[in-house]
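Thanks for coming. Please look at the sequence and the model first.

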Amino acid sequence: QVQLVESGGGLVQPGGSLRLSCAAAGRVFSINAMGWYRQAPGKQRELVATITREGIANAVDSVKGRFTISRDNAKNTVYLQMNSLKPDDTAVYYCNADIVTPNLWSRNYWGQGTQVTVSS
């Protein structure tokens with residue numbers, strides 16, 4: 001059994017910062033790509049940023065220069081540092097990962113989501 005457990009969401013004023021964390025728990029052999037997605041009310045879920053096991057990171061244009069994705073392979077954890085937050089960043093943020101279990105099966109997993117609200 002594998003779970004992605006997220007933390008770090010909350011309410012922040014415009015211009016503020018938050019750091020999201022997502023840890024993989026359970027029978028994890030290795031983790032390939034990891035990423036963050038978000039879904040605002042009434043909108044489809046969208047990609048925010050991804051990072052390979054080797055640390056190659058990509059982010060969508062709307063967050064470039066403000067958000068930074070990183071990971072700690074030893075802790076099976078991915079992070080999203082969000083700076084200069086805007087009201088448009090308000091959404092539920094979801095962690096995603098391609099996880100290989102000890103039987104060498106690979107499967108894509110989602111976290112439960114964490115709410116980020118940017119408002120004054």
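Let me start with a term about accessibility: a residue is buried under 20% relative accessible area, exposed over 50%, and partly exposed in between, using a 1.4 Å probe and protein chains only. By that scale Gly 8, with a relative accessible area of 31%, is partly exposed.

Two remarks on where the values come from. This is a predicted model, in which local features need pLDDT of at least 70 and side-chain atom pairs count only at pLDDT 80 or more, while totals for chains, interfaces and linings use all residues. Residues are numbered from 1 along each chain as its sequence is written, and side-chain values use heavy atoms, with hydrogens and water left out.

Now the chain as a whole. Helices (H or I, at least four residues) and strands (E, at least two) are DSSP runs, numbered from the N terminus. On that basis there are zero helices and 11 strands. The radius of gyration, taken over C-alpha atoms, is compared with a globule rule of 2.2 Å times the number of residues to the power 0.38. Here the radius is 14 Å, close to the 14 Å the rule gives for 120 residues, so the chain is as compact as a globular protein of that length. The C-alpha trace spans about 50 × 25 × 25 Å along its principal axes. Of the 120 residues, 40% are buried.

A contact means heavy atoms within 4.5 Å. Among contacts between residues at least 6 apart in sequence, 55% join residues at least 24 apart.

Back to Gly 8 for a moment. Gly 8 lies in the loop between β1 and β2, the latter being residues 10-12. Not counting residues up to four places away in sequence, Gly 8 touches Leu 18, Arg 19 and Leu 20. From Gly 8 to Thr 114 is 106 residues in sequence but 7.4 Å in space, C-alpha to C-alpha.

Next, the core. A nonpolar core is a set of buried Ala, Val, Leu, Ile, Met, Phe, Trp, Tyr and Cys residues joined through side-chain atoms within 4.5 Å. In soluble globular proteins, nonpolar side chains tend to be buried together. The largest core here has 30 residues, and those touching the most other members are Trp 36, Leu 80, Met 82, Tyr 93 and Ile 99. Several strands each supply at least two residues of this core, including β1 (2-7), β4 (30-39) and β8 (77-82). Strand β9 gives the most, five residues. Leaving aside neighbours within four places in sequence, Tyr 93 is in contact with residues that include Leu 20, Trp 36, Leu 80, Met 82 and Val 116.

How many disulfides does a search of the whole structure find? A disulfide is a pair of cysteine sulfur atoms within 2.5 Å, and the search finds one. The partners are Cys 22 and Cys 95, with sulfur atoms 2.1 Å apart. The angle about the S-S bond is -80°, and the link is left-handed. Cys 22 sits in β3 and Cys 95 in β9, so the pair ties together parts 73 residues apart in sequence. Cys 22 is buried at 0% relative accessible area, and Cys 95 is also buried, at 0%.

Last, the rings. Rings of Phe, Tyr and Trp (its six-membered ring) pair if their centres lie within 6.5 Å; planes under 30 degrees apart count as stacked, over 60 as edge-to-face and the rest as tilted. The structure holds two such pairs. One is Tyr 37 with Trp 110, edge-to-face, 4.9 Å centre to centre and 65° between the planes. Tyr 37 is in β4 and Trp 110 in β10 (residues 106-110), so this pair ties together parts 73 residues apart in sequence. Tyr 37 is partly exposed at 23%, as is Trp 110 at 38%. The rings of Tyr 94 and Trp 110 have centres 6.5 Å apart and planes at 85°, so they too are edge-to-face. Tyr 94 is buried, at 14%. Ring pairs therefore link Tyr 37, Tyr 94 and Trp 110 into a cluster.

A charge sits over a ring if NZ of Lys or CZ of Arg is within 6 Å of the ring centre and within 35 degrees of the ring normal. The charged end of Arg 45 sits over the ring of Tyr 94, 3.7 Å from its centre. Likewise, Arg 19 has its charged end over the ring of Tyr 79, 4.1 Å from the centre.
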